[in-house]
Amino acid sequence: MSRSALVENVIAMLEDAGFLVSDRCAIRPKSFDVAARRGRDTVLVKILGNIDAFDGRTGAEMRRLGEYLGATPLVIGLRTRDEDLKPGVVYFRHGVPVLSPDTAMDLFVEDVPPLIYAAPGGLYVNIDSDILEDARQDREWSLGKLATELGVSRRTVSKYEDGMDASVDVAAKLEELFDAPLTSPVEVLDGADEIRDDEPTPEDPDVDPADEPIVTVLTRVGFDVHPTERAPFKTISEDEHRRRQMLTGHSEFTETAEKRARIMSSVGKVTRTTSVYVVERATRESVDGTALIEEAEMEEIEDADELRDLIRERGEEPTD
């Protein structure tokens with residue numbers, strides 16, 4: 001399957017599952033392909049044939065964007081090396097959950113979350129430690145007795161009951177022994193934090209020197225500004241009082257800039273953010289809801305309310 005066909009299939013699957021899906025981010029470099037929202041769940045999705053093409057810089061960017069936009073970064077791909085991704089398994093690349101299209105279909109369309117995740121050493125599942133302990137005690141088995149049945153140490157069984165995950169083989173044997181489901185699903189839409197390495201959000205990249213005047217204005221009027229590297233927008237800014245996010249672009253107003261502004265508007269509708277594009281000279285007030293502001297106007301803005309009013313006059317406010 002070509003990557004283009006894969007992207008179209010994933011977008012169609014998300015729409016069938018009831019997600020509002022943004023336009024495809026078709027301008028390089030790009031950290032994600034589409035943003036999608038259903039109810040309280042927002043995802044930023046990167047779609048790849050081979051997930052080995054997903055590098056550390058893109059992973060860091062997606063995790064930052066997810067943190068600032070309240071979204072789960074997610075990769076949907078077909079294979080790694082020469083091996084297809086297994087259905088029902090969550091993989092990880094650079095701290096970002098990775099699913100096969102079949103696993104994504106089960107999760108989003110069928111509402112069947114995955115139970116297995118891949119980690120160094122093999123495939124694992126989350127054991128519900130409370131249910132396991134109750135099942136063992138109901139059977140009146142000691143830790144040692146269960147350890148003997150499983151062929152592991154007593155210490156290992158104790159760790160299972162303290163919350164340590166188990167291999168797929170051990171989990172299957174436990175469920176066979178007690179004739180009861182003991183596993184809990186991987187919470188992909190919460191970023192799979194319970195099994196992912198506990199890593200802090202990657203630090204923001206340096207500001208592009210060309211964007212420093214814009215960042216200076218945004219900071220001066222009260223925004224926390226987060227530069228991006230591979231997104232269709234240059235910064236995500238947070239109003240420190242209202243916690244409203246804003247996407248900002250900045251360049252000459254070219255055909256490419258117009259495309260970026262359209263993508264920003266589409267992503268903004270999904271993530272409930274406003275968007276503004278700063279240009280040297282504007283020939284219109286907005287592009288599909290993304291407000292256009294000239295550099296000279298931007299430098300004269302005195303506070304956040306003035307900027308919000310200007311964006312409201314020219315662009316669109318996000319809707320819930």
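Predicted model: local features only at pLDDT ≥ 70, side-chain atom pairs only at ≥ 80, totals over all residues.
**How the chain is divided**

- The protein chain splits into domain 1 (3-123), domain 2 (127-178) and domain 3 (211-311).
- If you take the centres of domain 1 and domain 2 over their C-alpha atoms, 33 Å separate them.

**Two helices side by side**

- Now look at helix α1 (residues 3-16) and helix α3 (residues 101-108): their axes come within 10 Å and cross at roughly 10°.
- Angles under 35 degrees count as roughly parallel, so α1 is roughly parallel to α3.
- Which residues of α1 and α3 meet? On the α1 side they are Leu6, Met13 and Leu14, and on the α3 side they are Pro101, Ala104, Met105 and Phe108.
- Sort the residues in this contact of α1 with α3 by class and you get seven nonpolar, no polar and no charged ones.

**Salt bridges**

- How many salt bridges does a search of the whole structure find? The search turns up 18.
- One to find on screen joins the side chains of Arg64 and Glu229, at 3.8 Å from N to O.
- This pair ties together distant parts of the chain, with Arg64 and Glu229 165 residues apart.
- Arg64 belongs to helix α2 (residues 56-69), while Glu229 is in the loop between β12 (223-227) and β13 (235-239).

- Most peptide bonds are trans, and most residues other than glycine have a negative phi. Here are two spots to check against that.
- The peptide bond from Arg28 to Pro29 is cis, and its omega is near -5°.
- To find Pro29, go to the loop between β1 (20-21) and β2 (34-38).
- Asp111 has a phi near 60°, which is a positive value in a residue other than glycine.
- You'll spot Asp111 in the loop between α3 and β8 (116-119); that α3 is the helix whose Pro101, Ala104, Met105 and Phe108 meet α1.

Note on methods
Residues numbered from 1 in each chain as written. Heavy atoms only, no water. Axes fitted to C-alpha atoms, helices over the stretch in contact; angles between N-to-C directions. Helix = DSSP H or I, 4+ residues; strand = E, 2+ residues; numbered from the N terminus. Parallel < 35°, antiparallel > 145°, perpendicular 65-115°, else oblique. Contact = heavy atoms within 4.5 Å. Nonpolar A, V, L, I, M, F, W, Y, C, P; charged D, E, K, R; others polar. Domains from an automatic or database assignment. Salt bridge = Lys/Arg side-chain N within 4 Å of Asp/Glu carboxyl O.
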